[in-house]
Amino acid sequence: MDHNEGIAADDVLEGHYTVDDRLDLKAPVMERWLAWCDEQAAAAAAGFPPLPELAAEISARRRAREKEGKAKSAAKAAAKKAADEDAATAEDDKALAA
């Protein structure tokens, strides 16, 4: 499938860019290659669940990640609030002791 098409030519331009694409030789190879690609795609697609099930699974996983993220954010905010309250209590105790 090179530019020269396997035909020897003395002319440099003709040697690299022939007018005849030699599709008579390429077509059988290209057809077999395309059939093989189609087989590979079908085999790969057979391993996946139907599209509606796949979409539902993706949505469920996304919702679960969002829920986990919100829980982590809430826990972090609660821990910061508790630490701030502890620091304020310690400051109050220090002021009373002085």
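Me: Before we look at burial, what do buried, exposed and partly exposed mean here?

Reply: Buried means under 20% relative accessible area, exposed means over 50%, and partly exposed is what falls in between. With that in hand, and keeping in mind that this is a predicted model, we can turn to the case: of the 98 residues in the protein, 4% are buried.

Me: How much accessible surface does the protein have, and what share of it belongs to carbon and sulfur atoms?

Reply: The total comes to about 8700 Å², and carbon and sulfur atoms account for 61% of that.

Me: Good. Which elements does the chain contain, and in what order do they run?

Reply: The protein has three helices and zero strands. Reading from the N terminus, the order is α-α-α. Helix 1 spans residues 12–16, helix 2 covers residues 23–46, and helix 3 takes in residues 51–97.

Me: Since this is a prediction, how should I read the confidence, and which element has the lowest mean pLDDT?

Reply: Think of pLDDT as the predictor's confidence in each residue, from 0 to 100. Here the average over the protein is 84, and 78% of the residues score at least 70. Among the elements, helix 1 has the lowest mean, at 62, while helix 2 has the highest, at 91.

Me: Now to charges. What lets side chains pair up, and how many salt bridges are there?

Reply: The general idea is that side chains of opposite charge can pair when their charged atoms come close. The cut-off is a Lys or Arg side-chain nitrogen within 4 Å of an Asp or Glu carboxyl oxygen. By this rule there are two salt bridges in the model. One joins E57 and R61, at 2.7 Å from N to O. The other joins D84 and K80, at 3.2 Å from N to O.

Me: Where do E57 and R61 sit relative to one another in the helix?

Reply: Both belong to helix 3, and because they are four residues apart there, about one helical turn separates them.

Me: Let's finish with nonpolar side chains. Which residues form a nonpolar patch on the surface?

Reply: W33, L34 and W36 do, and together they have about 390 Å² of accessible area. W36 is located in helix 2. Its relative accessibility is 47%, so W36 counts as partly exposed.

How values were computed
Residues are numbered from 1 along each chain as its sequence is written. This is a predicted model: local features need pLDDT of at least 70, side-chain atom pairs count only at pLDDT 80 or more; totals for chains, interfaces and linings use all residues. Side-chain values use heavy atoms; hydrogens and water are left out. Patches are made of residues with over 30% relative accessible area and no salt bridge: like charges are joined within 9 Å, nonpolar side chains (Val, Leu, Ile, Met, Phe, Trp, Tyr) within 5 Å. Accessible areas come from the Shrake-Rupley method with a 1.4 Å probe; for residues, only the protein chains shown count as cover. Helices (H or I, at least four residues) and strands (E, at least two) are DSSP runs, numbered from the N terminus. Buried means under 20% relative accessible area, exposed over 50%, partly exposed in between (1.4 Å probe, protein chains only).
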